[in-house]
Amino acid sequence: MEYLSRQRYDELATELKHLIEEVYPKVTEELAEMSAQGDRSDNAGYREARRTQAKTISRIRFLQKILEHSRVIDESVLPKDKVTLLSVVEFTNISTNTRMKFQIVSPHEMDLEAGKISLKSPIGAALMGKKVGEIAEAQVPSGTLRLRIESITLN
């Protein structure tokens, strides 16, 4: 089971609806047109339409599976004094004295450019459950990072 924010759940549901109601019918129509052109073995348009259809079906099934096995997080019950899913955590890398700020999210919401890291990433996993002032140790490919938690907020 995956936990998602309401925003991400709604984004995935909207994408799924768009694929089912708009994209897939167009892909199916294009495939029928290419198929009607005759010899499929030497029809690049037909092969491309089949690939597009397969990709669309794959994405639809993937989104259906995510939504079926996901639950929306009730942010009102999340503790505000320790790092949990959806916490925005500001921390300092002790060895470099570099300050960073990330939101802890599910793997399906991860977006480094937007400042969102997965709770399953080494840093995300190390921060989970910690409180302000505590030190988290994250095992990363380059070694062990010691991170001091400076603040925790919920968006």
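This report walks through the helices, the sheet and a few single residues of a predicted model.

## Ground rules

Residues are numbered from 1 along each chain as its sequence is written, and side-chain values use heavy atoms, with hydrogens and water left out. Because this is a predicted model, local features need pLDDT of at least 70 and side-chain atom pairs count only at pLDDT 80 or more, while totals for chains, interfaces and linings use all residues.

The helix and strand names used below follow DSSP runs, numbered from the N terminus: helices are H or I with at least four residues, strands are E with at least two.

## The two helices

Let's start with helix α1 (residues 6-35) and helix α2 (residues 44-68), which pack at an angle of about 155° with their axes 9 Å apart. Here axes are lines fitted to C-alpha atoms, for helices over the stretch in contact, and angles run from 0 to 180 degrees between N-to-C directions. The two helices are therefore roughly antiparallel to each other; on this scale, angles under 35 degrees count as roughly parallel, over 145 as roughly antiparallel, 65 to 115 as roughly perpendicular and the rest as oblique.

The crossing of α1 and α2 is left-handed, a term for a near helix turned anticlockwise from the far one by less than a right angle, with clockwise giving right-handed. In the contact of α1 with α2 there are 18 nonpolar, 6 polar and 4 charged residues. For this count, Ala, Val, Leu, Ile, Met, Phe, Trp, Tyr, Cys and Pro are nonpolar, Asp, Glu, Lys and Arg are charged, and the others, Gly among them, are polar.

Helix α2 also holds R51. With 44% relative accessibility, R51 counts as partly exposed; buried means under 20% relative accessible area, exposed over 50%, and partly exposed in between (1.4 Å probe, protein chains only). From R51 to E109 the separation is 58 residues in sequence and 27 Å in space, C-alpha to C-alpha.

## The sheet and its order

Strands of a sheet pair through backbone hydrogen bonds, either parallel or antiparallel. In this model, an open sheet of 5 strands has the order β5-β4-β3-β7-β6, with mixed pairing; two strands pair if DSSP finds at least two bridges between them. Strands β5 (116-118) and β6 stand at the edges with a single partner strand each, so one side of each is left without a neighbour in the sheet. On average, neighbouring strands of this sheet are turned by 45° against each other, direction ignored.

## Strand by strand

Next, β3 and β4 run antiparallel with 6 bridges between them. Within β4, M100 is the bridge partner of F91, and K101 stands opposite E90.

Strand β6 (residues 135-140) and β7 run antiparallel, joined by 6 bridges, and form a hairpin with 2 residues between them. The bridge partner of E137 in β7 is R146.

## An aromatic pair in the sheet

A search of the whole structure finds 1 aromatic pair. F91 and F102 form this pair, which is stacked at 6.1 Å centre to centre, with 25° between the planes. Rings of Phe, Tyr and Trp (its six-membered ring) pair if their centres lie within 6.5 Å, and planes under 30 degrees apart count as stacked, over 60 as edge-to-face and the rest as tilted.

The pair links distant parts of the chain, with F91 in strand β3 (residues 87-93) and F102 in strand β4 (residues 98-105), 11 residues apart. Both F91 and F102 are buried.

## Two loop residues with positive phi

L86 has a phi near 80°, a positive value in a residue other than glycine. The place of L86 is in the loop between β2 (70-72) and β3, and at 3% relative accessibility L86 counts as buried.

N97 lies in the loop between β3 and β4. This is a hairpin with 4 residues between the strands, where N97 takes a positive phi near 55°. With a relative accessible area of 60%, N97 is exposed.
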